[in-house]
Amino acid sequence: MNLDFLMVILFIYSMELNCKNILKNLFKIFSILFILVLLRPVHSLEAAYTNGYGTAINGVSSTVNLPTGDVYLCEAASAGGSMNIGFNTLVNNSNYAAVGYSNSNQCSLNNPLPSNYVIAGVSINNLTYYIYNTSSISVTGGTSATTYTWNITFNLNQSSTVYILIAVGGTNNGAYINTVTLPSGCSEVLQQNNGGSTPASTAYAAYCENLSSGNYQVSVNIEINGASNNGNVVTMYGASTIFEFPIFLFNISSSSSSVGLVPGGTVNDTLYIDEIT
């Protein structure tokens with residue numbers, strides 16, 4: 001037996017081993033795919049999460065630049081003068097307090113600017129679908145500073161991620177948020193006051209992760225500043241919006257109980273997505 005013949009035999013044998021390894025690996029891959037189809041797992045989709053936020057006050061900027069995201073929520077408040085709002089408003093209380101959204105990653109006010117304002121925004125990633133409800137309030141204060149509690153209620157029909165945006169301002173010396181009592185499972189994202197040592201306006205935002213269905217209340221403790229030197233009392237304006245991002249559960253399944261896979265071939269099948277919640 002010559003050397004050339006032995007080399008040919010060894011080459012053929014090595015090719016056979018490679019083919020066996022390839023077939024084994026393909027079989028493992030196809031087995032895993034087959035098991036995944038049979039299991040038909042339940043998948044959950046987180047509705048939203050904070051990508052970033054920003055605030056601005058008079059003397060610094062009239063625009064808040066946010067990180068790129070899917071949804072941009074905006075709010076603004078002023079004292080002593082009304083605002084020319086540059087974002088889309090969902091609730092606007094006499095141009096002293098407003099909450100809404102932006103089509104870009106900027107929340108801004110337009111000229112002419114009031115002498116005392118605050119503006120804030122939150123960038124949110126994941127889904128663009130949300131439900132919202134708005135509320136507003138106006139209360140006239142007195143000669144001295146007074147405290148007012150604003151109770152904001154909302155209802156969830158299913159588990160949701162919730163964002164709470166509240167803006168408070170007012171005429172003359174303005175008003176501001178002192179404290180906020182949130183439902184369990186919620187936490188503050190930002191609170192930006194404006195007006196020096198005695199705040200005159202506030203932008204506030206909170207976030208609730210995976211809040212279950214039910215009725216909820218947010219209690220906002222507001223300080224209405226006293227009258228100005230010329231005796232003009234403050235009319236406080238508040239605006240709030242509850243943004244609800246529902247969390248969905250769904251099944252992914254195929255049209256057949258099994259899928260046959262042929263190396264080098266094409267498999268046609270229909271996948272069904274069935275919403276559970």
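## Exercises on disulfides and backbone geometry

The link of Cys-186 and Cys-208 is right-handed, with 105 degrees about the S-S bond. The model is predicted, so that local features need pLDDT of at least 70 and side-chain atom pairs count only at pLDDT 80 or more, while totals for chains, interfaces and linings use all residues. Residues are numbered from 1 along each chain as its sequence is written, and side-chain values use heavy atoms, with hydrogens and water left out.

**Exercise 1.** Describe the disulfide of Cys-186 and Cys-208, and state where its two cysteines lie.

*Solution.* Begin with the bond itself: Cys-186 and Cys-208 are joined with an S to S distance of 2.0 Å, and a disulfide is defined here as a pair of cysteine sulfur atoms within 2.5 Å. Helices (H or I, at least four residues) and strands (E, at least two) are DSSP runs, numbered from the N terminus. Finally, both Cys-186 and Cys-208 are buried, where buried means under 20% relative accessible area, exposed over 50%, and partly exposed in between (1.4 Å probe, protein chains only).

**Exercise 2.** Find the handedness of the disulfide between Cys-74 and Cys-107, and then describe its surroundings.

*Solution.* The sulfur atoms of Cys-74 and Cys-107 are 2.0 Å apart in this disulfide. The torsion about their S-S bond is about -75 degrees, so the disulfide of Cys-74 and Cys-107 is left-handed. The pair links distant parts of the chain, since Cys-74 is in strand β4 (residues 71-78) and Cys-107 in strand β7 (residues 106-108), 33 residues apart. Cys-74 is buried, at a relative accessible area of 0%, and Cys-107 also counts as buried, at 0% relative accessibility. The search of the whole structure finds 2 disulfides, and with the bonded cysteines numbered in sequence order the pairing is 1-2, 3-4.

**Exercise 3.** Examine the backbone at Ser-94, at Asn-210 and at the bond between Asn-111 and Pro-112.

*Solution.* Ser-94, a residue other than glycine, has a positive phi near 60 degrees; Ser-94 sits in the loop between β5 (88-93) and β6 (97-102) and is partly exposed, with a relative accessible area of 42%. Asn-210 is not a glycine either, yet its phi is positive, about 50 degrees; Asn-210 is in strand β14 and counts as partly exposed at 40% relative accessibility. Lastly, the peptide bond joining Asn-111 and Pro-112 is cis, with omega about 0 degrees, and Pro-112 lies in the loop between β7 and β8 (117-126).
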